[in-house]
Amino acid sequence: MFRYLALRIAQAILTIFVTVTIVFLLIRLAPGDPAYAYAGPLATAEQLDAVRRQFGLDQPLIVQYFHFLGGIFQGDTGTSYSFRQPALSVVMDRLPYTITLAIAAIVIAIIISIPLGVWMARRQNTGREATASILTIAGQSMPDFWIGIMLVTLFSVLLPWFPSSGFETWGGLVLPALTVAILQVAVLSRIVRREVAQTLQAPFITVARSRGVAGAGLVWGYGVRNSLVPVVTALGTRFAGLLNGVVVVEVVFGWPGIGSLVVRALETRDYPLIQSTVVVTAILAVLVQLVVDLVYPLLDPRVRLGRKVVS
Amino acid sequence: MSAVTDSVFKKSAVVRAARATRVKIIVGAVLTLIVVVPIVLARVLPVPDPNAQDVFLRLAAPGTEGHLFGTDQLGRDLFSRILYGGQVSLLIGVMAVLVSGVLGVVLGSLAGYYGGKVDAVISRLIEAQLSLPLLMMLLLVVALFGSSIPVIAFVIAIANWPEPARLTRAMVLVEREKPYVAAAVVLGVKRFAILLKHVIPNVISQAVVLALLLLAQAVLLESALSFLGAGPQRPFATWGRIISDGQDFIGSAWWIVTIPGLVIAFLVIGVNLIGDGLQQGSVGAAFRRLARSVTAMPGRK
C-alpha cells in the first residue's frame, strides 16, 4: 500500500517535472529574445542588457534551468508582462472559476451519461440504441466552442433564459457547464455502455438472475456496481481533456477563469503567464488523477493498491 | 424445412449488428464525401474569390445573388471561404495524421517489441501526456514559434501520437508471441529486421483505421486553435476563425457561425462513423485485409 502510494506520487512528480522541463526548453528554443519581449520594441541595447541581467538570461543555460526549477518550488513562475505582477498569483486568482466550471460539467456529465450508458447497454443492437449511438458520435464530433455559441443563441438570444456571458449569477454557470459536459457525456456514455454490457454477460449475473434478482435491481446493483472501476478510471483520464474543453468554452462565455486568461496572454505574448497556466493545470490534472487512482479500493474491495489492476 | 426462417435470422443480434455497422460506414462515407469533394474541387468550381470583398453586399442571407451560403461582415462569399478554409484544415489534418501516425507506430512498436526499459520509458511518456491538459502547452508552442501551417500541424501531431502508439504497442505485444516470430528468430533474422519486415506489416492495418479517427481529432483541434486565435494567420480563412469572427453577428447573420460549424460537424461525424464502423464488423475485417495487402506490398520482392 505505502509502496504503491510512494510509487504513484513519484510518478506524479515526474510527470510535472517533465512538463516543467519541456516548458523551459520550449521557451529557450523559441526564436526571439525574451528580454526584448519584456522591455518592448523601444528599448536600447543597455536596457536590454539590464533586463537580461535582471532575469539571469546572461547566465549559462543549465544555471538558468536550476533557477527556473528553484523558482517554481518557491511558487515563482515569472512576472506577467501585461499584469506587471507575479504570474502565479494572477493564475491563482482565476483558478477557482475554472474549477467551479469543471466540477459543474463533471456533475452534469455523470448525471446524464451513466443512465444513458446503462439504457444503451440494456438495448444493444436495437434501432433505438443505434440512434443513441449515432447521437453520441455526433456529440463527440461537434466543436465545443460552436456548441457554446449555438446554446447562447438559443437560450440567451432567442429565449432569454440564461445570461450569455460572465459569472454574476448561478444561472451564468448553466450554459458553459452544459457545453463542456456534452462532449464528456458522448464519450462517457459509450464507455458505460461497453462496460455494463460486458458485465451483464458475466456468469455471476446469470447466477443472480436464477436466484430471483431481476430488473433494475439486477442491472444497477449487480451490473453497474461491478462496472464502476473502469468508468471511474475513464473519468480520471478524461479530466485532462475536460480542462482543454473548459479553456475553449471559457472564451466563448467570457468566463473569468484561466482559459480566457491564457488566450489574452496569447494575444499579448505574455509567456510567463502562459507558462504558469501550463504548470498549474498540469499539477491540477495530475492531482485529480492521483486521487482517482486512490479511490479504487473503495469501489472494488478486490483491488489491493500496489497490485496491477487487470483492465 | 428448417425452423430458422429468413425472418428469424434477420432478427438475430449478429445480423442486426452487422447491418448497423454497414449503415454507419455508408452514412459516414456520404457525409465525408459531401464535405471533402467540394473542398478538393474548390479551384475548379465556379465560386468567387474567398477574399473578394463586396461592401454593398455585406451580411447577405444564404441564396442571395449567387452566394449559396450568403456573405460575411465584409461581403465575402461564405461558401467559397468555407471551401478554401477546408483546404487548410484538411492539409493540416493530413500532415498531422502522417506525423503522429509514424511517430506513434514507431514508438509503440518499439515499446511493445523490446519491452523492458524501452517500454517503461515510452509507456510513462504516453501516460504522462494523456494525463496533461495539453491545449495550454500547444498554445504556448504556437505563441513561441509562430502560427505557420507546419508548426500547427506539428503541434497537433504531438498532441495525437499517444493513441496510435498505445494501439500499436498492444498489438505488437500479441504479435511477438506468435510462432512466425519464433521461426524468424530460429532462422537467424535480426530482431530489428523481424520487427520491421514481419511484425509491423501485420499490425499496420489497424493503425490505418485509427488514422481516420485521428484525422477527425486533428480537424477539431485545428478549429479550436483557430478559434482561440492560434490558427494559421491571414490571408488563410480557417473554419475556427470564420466562426470566431462571425460570433459578433450571431443576432443579425446566423449563417456565418452556424454553417461552418455544421460543415465541421458533418466532416467529423462522417469520418468518425467510418472509423467506428471499420473497427468492428465484417466490412471492417474486409477493409483491414485490403489495407494489409496494400501496405504489405512494398516489402515483397
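Modeller: pLDDT is the predictor's confidence in each residue, from 0 to 100. We need that here, as this is a predicted model.

Colleague: Over which residues of chain B does pLDDT stay under 50?

Modeller: Start with chain B as a whole. Its mean pLDDT is 83, and 90% of its residues reach 70 or more. One stretch stays under 50, and the model gives it two contacts beyond four places in sequence. Where pLDDT is low, the predicted coordinates should not be read in detail. The stretch is residues 297-301 of chain B.

Colleague: How many residues does chain A give to the contact with chain B?

Modeller: Both chains take part. Chain B supplies 41 residues. From chain A the number is 42.

Colleague: Which element gives the largest share of the side of chain B that touches chain A?

Modeller: Look at the helices that give two or more residues to that side of chain B. Among them are H2 (13-40), H9 (191-227) and H11 (255-279). Another is H5 (134-145). The largest share is ten residues, and it comes from H5(B).

Colleague: By class, how many residues on that side of chain B are nonpolar?

Modeller: Take the other classes before it. Two residues are charged and seven are polar. The nonpolar residues number 32.

Colleague: How many helices does chain A have?

Modeller: Chain A has zero strands. From the N terminus on, its elements run α-α-α-α-α-α-α-α-α-α-α-α-α. The number of helices is 13.

Technical notes: Residues are numbered from 1 along each chain as its sequence is written. Chains are lettered from A and ligands numbered from 1 in the order in which they are written. This is a predicted model: local features need pLDDT of at least 70, side-chain atom pairs count only at pLDDT 80 or more; totals for chains, interfaces and linings use all residues. Two residues are in contact if their C-beta atoms, placed from the backbone, lie within 7 Å. Helices (H or I, at least four residues) and strands (E, at least two) are DSSP runs, numbered from the N terminus. Ala, Val, Leu, Ile, Met, Phe, Trp, Tyr, Cys and Pro count as nonpolar, Asp, Glu, Lys and Arg as charged, and the others, Gly among them, as polar.
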